[in-house]
Amino acid sequence: MSANGKTVSSAYACWTLFLLALANVLNVGDRMLLGVVTEPVRHELALSDTQMSLANGFLFVLFNLVAGVFIARLADRGNRVRILAVGIAAWSISTAATGLAQDFPVRALARVGVGIGEATAFPAVMSLIPDLFRPQVRGTAVAVFQSSSFIGIVGGTVLAGVLAASLGWRMMFFAC
């Protein structure tokens, strides 16, 4: 296996893939949080269904998609690990900011931040995997990474439900 002409051990490649998959579990799991607490958030902030849909869906997806294209170009030229680290920090801060929201603009801005931060994961990882794995096992590595999405969906949904029930929706966002 080679990374930019350097040989990497199988153990290093597998450990890195584990960390990348873990980041993806958090990435996808984070997307599930708001879906679990939509009604309490909507009620407490006195938001309309349209406002909830705009922030939960349209704005998140729009900024995630647009940012993803620009971030992919950065990943082609820059430090992919640093890009992913900045993305994780951005989506984590934005998730916590969701717990601070008192109105629609702050909540929408927090979701935009989550969308942009989470847009870093896929391009950075898809650019790193070929450096870590030979073509003969690269498909398996991509499958392992993609499988982590489903762990994030289930784990994020369960965690959100448990934390929201025990701590409230605001503290759930801080904790996550």
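I looked up the side chain of Asn 27 and found one of its polar atoms 3.3 Å from the backbone oxygen of Glu 118. I use polar contact for a pair of N or O atoms within 3.5 Å; within protein, one must be able to donate a hydrogen and the other to accept it, and residues adjacent in sequence count only if both atoms are side-chain atoms. The model is predicted: local features need pLDDT of at least 70, side-chain atom pairs count only at pLDDT 80 or more, and totals for chains, interfaces and linings use all residues. Residues are numbered from 1 along each chain as its sequence is written, and side-chain values use heavy atoms, with hydrogens and water left out.

**Asn 27.** I placed Asn 27 in helix 1, residues 10-36. Helices here are DSSP runs (H or I, at least four residues), numbered from the N terminus. Asn 27 counts as buried because its relative accessibility is 2%; buried means under 20% relative accessible area, exposed over 50%, and partly exposed in between, with a 1.4 Å probe and protein chains only. Beyond its neighbours within four places in sequence, I noted contacts of Asn 27 with Trp 91, Glu 118 and Ala 121; contact means heavy atoms within 4.5 Å.

**Helix 1 and helix 4.** I then examined how helix 1 packs on helix 4 (residues 80-100): the angle is about 25 degrees and the axes are 11 Å apart. Axes are lines fitted to C-alpha atoms, for helices over the stretch in contact, and angles run from 0 to 180 degrees between N-to-C directions. The two helices are therefore roughly parallel to each other, a term for angles under 35 degrees. From helix 1, the contact includes Leu 20, Ala 23 and Asn 27, and from helix 4 it includes Ile 88 and Trp 91. I recorded seven nonpolar, two polar and one charged residue in this contact. Here Ala, Val, Leu, Ile, Met, Phe, Trp, Tyr, Cys and Pro count as nonpolar, Asp, Glu, Lys and Arg as charged, and the others, Gly among them, as polar.

I found Leu 45 in helix 2, where it counts as buried because its relative accessibility is 9%. Its C-alpha atom is separated by 8.2 Å from that of Ala 101, 56 residues apart along the chain. Ala 46 is found in the loop between helix 2 (38-45) and helix 3 (49-77), and it counts as exposed because its relative accessibility is 64%. I noted for Ala 46 a positive phi of about 55 degrees, although it is not a glycine. Most residues other than glycine have a negative phi.

Methods
Parallel < 35°, antiparallel > 145°, perpendicular 65-115°, else oblique.
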